[in-house]
Amino acid sequence: MISVSNVTMRYGSKLLFEDVSVTFTTGRRYGLTGPNGAGKSTFMKCLTGEIDPQKGTVVRPKKIGVLKQNQYEFDAYRVIDTVIMGNKGLWDALEEREVIYNKAEMTDEDGSRLGELEGIVGDEDGYEAEANAAVLLQGLDIPDELHERKMSELQGGQKVRVLLAQALFGNPQALLLDEPTNYLDLESIHWLQDFLVRYNGTVITISHDRHFLNAVCTNIADIDYETIITYNGGYDDMVLQKTSVRARIESQNEQREKKIAQLNDFIARFSAGTRSSQVNSRKKEVERLATTELARSNIQRPFIAFKMERPSGKNVLEFEGVNKSYTQKDGKVEHVINNFSAAIQRGDKVVLMGRNGQGKTTLLKALLANGPGVEEKDVSIDSGTVKWGHEVQIGYFAQDHKGSIQLGMTAADWLHQYDPKATKEDIRGILGQMLFRGEEGLKKTDALSGGEAARLLFCKIMLQKPNVLVLDEPTNHLDLESINALNQAIQKYEGTVFLVTHDQDLIEEAGTRIWHFEGGPDNFRITDHKGPYEEYQQQLAMQAK
């Protein structure tokens with residue numbers, strides 16, 4: 001159990017939350033939600049003990065698992081050791097035991113201390129530590145051959161999964177996870193969901209994945225209106241309850257204000273007359289009816305709407321026998337895409353799904369090799385043919401989207417170059433839709449956060465009005481409101497979409513066709529299912545019987 005009492009936090013002059021008291025009960029799983037800037041990460045740091053609250057107290061269990069955000073902190077250590085470090089008491093005992101064993105001669109004091117350390121190692125399951133750590137790593141798709149490697153040799157997404165295994169290691173009494181699904185593929189997310197549902201301690205997680213929150217959480221702790229309110233159920237349940245409560249309070253206030261206006265009218269008319277006792281009683285009634293002042297919500301919802309300048313032809317894309325390989329540092333050639341062929345019709349919304357590193361981004365870049373108007377680097381194929389259809393115009397959102405934005409310009413100037421005929425009002429309007437309001441449109445591109453860069457790239461796509469969208473991991477830096485807006489925009493879009501994502505709601509609700517990347521180097525294949533994800537899942541279930 002974690003208990004928070006009368007906690008207040010400010011960021012500069014901005015009040016994040018005030019006099020918050022909340023208990024996170026053992027056995028329950030809490031999603032910590034709220035708009036960007038509401039204070040989720042600040043509150044999480046108070047819970048972990050990384051920072052102290054400016055007012056109030058936090059009581060936490062002795063053993064907690066925390067997902068570290070610094071990917072480079074453990075670069076000097078083996079992967080398996082990094083995971084074991086999640087149990088600090090065990091790791092400290094193992095290190096001290098190693099120092100004693102390495103001494104040329106041991107004293108009686110060393111021998112006594114060694115006995116104490118062996119007791120700690122035994123109590124903490126230290127003799128099975130490497131085996132238990134390996135199970136966690138395998139579940140998170142870190143293969144055995146990487147367990148002995150240094151963390152510095154791993155890719156960014158792999159490091160995140162190792163740090164997640166570190167947080168889960170050692171049976172902590174509480175888990176505090178800040179964006180645990182970032183850089184995880186769908187299978188790893190499902191593994192994590194199952195793990196957390198079975199976990200007996202307290203879970204508190206920040207996530208912008210609506211499906212994950214609905215699948216895992218028994219409660220939501222929502223930071224908004226300068227306080228924290230807990231709700232029963234998952235994210236969708238919270239939204240319904242929050243909207244209902246807010247609407248009821250606003251309705252009650254509206255009725256009170258009408259009554260107060262009537263009473264004030266009576267007071268104004270008869271205050272100088274003979275009805276002073278009635279006037280005084282009505283003044284007291286006004287004081288009693290004083291409306292509850294509602295704090296303003298921090299939630300900001302972008303408006304995404306993809307429109308087309310003109311539609312493409314019926315046949316959007318045809319490709320045949322596409323191959324793409326890479327030469328690794330050791331000279332070994334890795335075949336990523338093998339002899340893949342398909343034809344895309346106008347209006348298809350193709351979701352590319354599969355484990356990380358299986359070639360989804362590679363295939364997108366191969367298909368963009370001769371795409372009309374595509375200026376991106378590193379788009380090519382080794383062999384095969386790619387033929388784009390009549391009148392195709394492509395809007396591309398790269399996975400490394402910050403690299404697509406030229407530095408040294410204001411956001412407005414960068415955007416304007418993609419339609420020089422657009423007026424300043426047009427540019428301001430599109431920027432405003434994506435929450436760049438007022439002076440924020442003059443922000444330098446060098447200073448944009450990951451989420452701001454993503455929103456600016458959507459501004460560009462909306463300004464260009466393409467009839468084909470190629471979106472590679474567009475949700476990585478978006479908050480829940482922005483992801484929901486993107487989901488609705490893709491569903492309403494009348495053009496053609498290629499989408500790489502691990503967001504299950506997006507896959508289920510926006511996709512009409514699935515390209516599933518599966519298998520390893522020797523049996524790699526892409527299954528092309530012409531239908532939505534739910535239908536594809538049913539087909540897989542039938543095949544498994």
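Let's start inside a sheet: strand β15 (residues 468-472) and strand β16 (residues 496-500) run parallel to each other and pair over five bridges. Strands of a sheet pair through backbone hydrogen bonds, and they can do so either in parallel or antiparallel fashion. Keep in mind as you explore that this is a predicted model.

Now widen the view. These two strands belong to an open sheet of six strands, and the order across the sheet is β14-β15-β16-β12-β17-β18, with mixed pairing. Which strands form the edges? They are β14 (394-397) and β18 (525-529), each of which pairs on one side only. As you step from one strand to the next, the twist averages 15°.

Helices lie across this sheet too. Helix α11 (residues 360-367) lies across β12 (349-354), β14, β15, β16, β17 (513-518) and β18, and it runs at about 140° to β12. Helix α15 (residues 480-492) lies across β12, β15 and β16, at about 130° to β12.

The protein chain has 545 residues, and 49% of them count as buried. It contains 17 helices and 18 strands. The C-alpha atoms fill a box of roughly 100 × 85 × 55 Å, taken along the principal axes. How much of the contact in the chain links residues 24 or more positions apart? Counting contacts with a separation of 6 or more, such residues account for 67%.

Next, let's look at a pair of helices. The axes of helix α3 (residues 88-101) and helix α4 (residues 108-123) come within 9 Å and cross at roughly 150°. Their crossing is left-handed. On the α3 side, the contact is made by G89, L90, A93, L94, E96, R97, I100 and Y101. On the α4 side, the residues are D110, R113, L114, L117, E118, I120 and V121. What kinds of residues are these? The contact of α3 with α4 divides into nine nonpolar, one polar and five charged residues.

Single residues can also tell you something about how the chain folds together. Take T205, which lies in strand β7 (residues 202-206). Is T205 buried or exposed? T205 is buried, with a relative accessible area of 0%. Leaving aside residues up to four places away in sequence, T205 touches Y30, G31, L32, M44, L177, P180, F212, L213 and C217.

Compare that with S3, found in strand β1 (residues 2-11). S3 has a relative accessible area of 19%, and since buried means under 20%, S3 counts as buried. Again leaving out residues up to four places away in sequence, S3 touches V22, T23, T57, V58 and V59.

Our last topic is charge. Side chains of opposite charge can pair when their charged atoms come close. This structure holds 29 salt bridges. In one of them, the side chains of E148 and R78 meet, with a nitrogen-to-oxygen distance of 2.4 Å. Why does this pair tie together parts that are 70 residues apart in sequence? It does so because E148 lies in the loop between α5 (129-139) and α6 (156-168), whereas R78 lies in the loop between β5 (64-66) and α2 (79-84). R78 is partly exposed, with a relative accessible area of 21%.

Another salt bridge joins R149 and E153, where the closest N and O atoms are 3.9 Å apart. R149 is partly exposed at 37% relative accessible area, and E153 is partly exposed as well, at 47%.

A further salt bridge links D528 with K530, the closest N and O atoms being 3.7 Å apart. Here D528 is partly exposed, with a relative accessible area of 25%, while K530 counts as exposed at 61%. Elsewhere, salt bridges that share partners join D141, R161, D185, E187 and R355 into one network.

Conventions
Residues numbered from 1 in each chain as written. Predicted model: local features only at pLDDT ≥ 70, side-chain atom pairs only at ≥ 80, totals over all residues. Heavy atoms only, no water. Salt bridge = Lys/Arg side-chain N within 4 Å of Asp/Glu carboxyl O. Helix = DSSP H or I, 4+ residues; strand = E, 2+ residues; numbered from the N terminus. Buried < 20%, exposed > 50% of the residue type's maximum accessible area, 1.4 Å probe, protein only. Axes fitted to C-alpha atoms, helices over the stretch in contact; angles between N-to-C directions. Left-handed = near helix turned anticlockwise from the far one by under 90°. Contact = heavy atoms within 4.5 Å. Nonpolar A, V, L, I, M, F, W, Y, C, P; charged D, E, K, R; others polar. Pairing = 2+ DSSP bridges.
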